[in-house]
Amino acid sequence: MLATDMPQTHSRHDSDGLLTSALREQAADQQYLTLKGLAKRFGKTRVFSDIDAEIARGEFITLLGPSGCGKSTLLRAIAGLNDVDSGEIIVDGHDITRLPPQRRGIGMVFQHYALFPNMRVADNVAFGLRMKKVRPEERERRVTEVLRLVELTDQAQRYPHQLSGGQRQRVALARALVVEPQILLLDEPLSALDARIRRHLRDQIRDIQKSLGLTTLFVTHDQEEALLLSDRIFLMHQGSILQQGNAASLYTRPVDATAAGFMGHYNLIGSELARPLLGYLCDSPQVALRPEALYLQPDEMTRPLLPGHLEAGLDFPLQSLPANVGPALPGVILRHQLLGNIVRYEVDCQGLRLNVDVLNRSARQLLPDHLRVQVHADLDEVQALGTHDTGDRSRVANG
Ligand SMILES: Nc1ncnc2c1ncn2[C@@H]1O[C@H](COP(=O)(O)OP(=O)(O)OP(=O)(O)O)[C@@H](O)[C@H]1O
């Protein structure tokens with residue numbers, strides 16, 4: 001071999017090697033936590049089955065679903081607190097399905113903080129490190145660091161009964177984080193807290209999770225929390241993952257009526273009933289339309305039937321309609337709800353009841369109950385429902 005060949009051969013080999021290992025690492029990152037065919041029964045009750053998922057390193061996944069759908073049992077199975085009847089749990093290429101909880105490298109925070117009442121905050125946090133026989137100096141360093149992360153440095157010497165609910169839950173979080181878990185599991189950690197603290201801690205958890213790049217599974221039955229927090233949401237129903245995807249896809253493209261019913265305040269309409277609103281008959285049994293995909297116009301002809309509104313300064317701007325709009329469907333406003341920056345009108349369109357959301361710009365623009373209106377649908381936002389792949393608009397037939 002010529003001496004000059006050596007470096008070339010070498011460098012090609014090196015770059016191939018680097019490329020392959022980079023790709024391998026990337027693939028491993030995409031499949032950091034793998035759930036394969038997990039199933040669990042309690043006696044005759046099927047809690048979950050056919051649970052398959054790939055979770056990337058550093059992803060924030062929310063398990064969302066109604067009470068009793070199996071979220072907590074699935075989370076506990078990943079932590080090793082429940083066994084599974086079949087299936088595998090793989091973390092970073094290692095099968096942990098039969099490992100005891102303490103050998104899984106998983107931290108968990110529950111709905112009710114289980115702190116030791118007779119230990120100060122710092123000792124509560126240090127407990128896991130003591131069990132692992134971490135040296136005192138190292139223990140102190142890690143406790144100090146994690147208390148700073150959850151903003152509890154000033155409370156380190158307090159006992160749990162001297163803390164607020166939110167602070168106690170932050171101690172629980174610190175206790176889970178201090179052992180430097182590979183995966184963090186959070187089982188409704190916010191549900192016992194009042195709304196304001198809940199929002200604050202929610203944001204704090206997400207910030208900490210991002211800064212540590214920690215793969216996290218978060219259980220909630222609060223749809224808004226799931227939409228706000230997650231990289232991806234696993235929507236669970238009766239022990240199965242009904243749909244998984246990012247917030248936008250779950251919100252705008254529900255796979256079926258159950259998903260639509262859980263994710264938003266969709267109008268679910270039988271196709272025949274929806275025909276006058278869409279201007280065509282959809283070939284699936286049902287369509288779903290978000291309230292914000294419907295447009296409301298006061299009926300100019302009938303406005304004078306409500307004397308006083310013009311004089312009172314009713315000033316509802318005609319909304320500009322989307323490009324692909326259905327026919328005008330006449331209706332009457334039955335009632336409305338003020339939902340902060342949204343007004344939700346319930347409109348009766350010849351027997352078809354529709355929820356229509358309009359931006360709440362000012363009190364002067366509020367349309368009165370009993371006003372005659374016209375409703376239009378944004379045809380680009382029509383979801384044909386029936387089977388599990390209904391995000392596909394080609395299934396909506398014109399005709
Ligand atoms: N130890 C148990 N023994 C028998 N059945 C159980 C046990 N734990 C849970 N279950 C049942 O398994 C099903 C799923 O429970 P799980 O707690 O996982 O649901 P969840 O979705 O987390 O509900 P929630 O949001 O109310 O906590 C429920 O029907 C529940 O009654």
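User: Let's start with the sheet that holds E2, E1, E4 and E5. In what order do the strands sit, and is the pairing parallel or antiparallel?

Analyst: Here's the general idea. Strands of a sheet pair through backbone hydrogen bonds, either parallel or antiparallel. In this predicted model, the four strands make an open sheet that reads E2-E1-E4-E5, and their pairing is antiparallel.

User: Which strands stand at the edges of that sheet?

Analyst: Those are strand E2 (45-55) and strand E5 (94-95). Each has a single partner strand, so one side of each is left without a neighbour in the sheet.

User: Which strands does helix H2 lie across?

Analyst: Helix H2, residues 71-79, lies across strand E1 (33-42), E2 and E4. The helix runs at about 60° to E2.

User: Now a single residue. Is arginine 232 buried or exposed?

Analyst: The cut-off to know is that buried means under 20% relative accessible area. Arginine 232 comes out at 19%, so it counts as buried. You'll find this arginine in strand E9, residues 232-237.

User: What does the side chain of arginine 232 reach?

Analyst: It reaches the backbone oxygen of glutamate 54, at 2.6 Å. If you skip neighbours within four places in sequence, arginine 232 also has a list of contacts, including Glu54, Ile55, Phe60, Gln244 and Asn246.

User: Which strand does E9 pair with, and how many bridges join them?

Analyst: E9 pairs with strand E10 (residues 240-245) through five bridges, and the two run antiparallel. Along that pairing, phenylalanine 234 stands opposite glutamine 244 in E10. The hairpin of E9 and E10 has two residues between the strands, and glutamine 238 takes a positive phi near 45° there.

User: How do I read an aromatic pair?

Analyst: A pair of aromatic rings is described by the distance of the centres and the angle of the planes. The count here comes to two aromatic pairs. One of them is phenylalanine 60 with phenylalanine 218, a tilted pair with 5.7 Å centre to centre and 40° between the planes.

User: Where in the chain do phenylalanine 60 and phenylalanine 218 lie?

Analyst: Phenylalanine 60 is in strand E3 (residues 60-64) and phenylalanine 218 is in strand E8 (residues 215-220). Phenylalanine 60 is buried at 0% relative accessibility, and phenylalanine 218 is buried with a relative accessible area of 1%.

User: And why is the pair of phenylalanine 116 and phenylalanine 127 called tilted?

Analyst: Planes under 30 degrees apart count as stacked and those over 60 as edge-to-face, with the rest tilted. The planes of phenylalanine 116 and phenylalanine 127 stand at 55°, so the pair is tilted, and the ring centres are 4.7 Å apart. Phenylalanine 116 sits in the loop between strand E6 (106-109) and helix H3 (121-131), while phenylalanine 127 is in helix H3 itself, eleven residues apart. Phenylalanine 116 is partly exposed at 29%, and phenylalanine 127 is partly exposed at 28%.

User: There's also a sheet with E13 in it. In what order do its strands sit?

Analyst: Five strands form this open sheet, in the order E13-E17-E14-E15-E16, with antiparallel pairing. Strand E13 (294-298) and strand E16 (352-359) are at the edges, each with a single partner strand, so one side of each lacks a neighbour in the sheet. From one strand to the next, the twist averages 45°.

User: How do E13 and E17 pair, and which helix packs on the sheet?

Analyst: E13 pairs with strand E17 (residues 372-377) over five bridges, in the antiparallel sense. Proline 298 has valine 373 in E17 as its bridge partner. Helix H10 (residues 271-278) packs on the sheet and touches E13, strand E14 (329-339), E16 and E17. The direction of H10 makes about 100° with that of E17.

User: Zooming out, how many helices and strands are in the chain?

Analyst: The chain has ten helices and 18 strands. Of its 399 residues, 46% count as buried.

Terms used. Residues numbered from 1 in each chain as written. Predicted model: local features only at pLDDT ≥ 70, side-chain atom pairs only at ≥ 80, totals over all residues. Heavy atoms only, no water. Pairing = 2+ DSSP bridges. Contact = heavy atoms within 4.5 Å. Axes fitted to C-alpha atoms, helices over the stretch in contact; angles between N-to-C directions. Buried < 20%, exposed > 50% of the residue type's maximum accessible area, 1.4 Å probe, protein only. Polar contact = N/O pair within 3.5 Å; in protein donor to acceptor, adjacent residues only side chain to side chain. Phe/Tyr/Trp six-rings, centres within 6.5 Å; stacked < 30°, edge-to-face > 60°.
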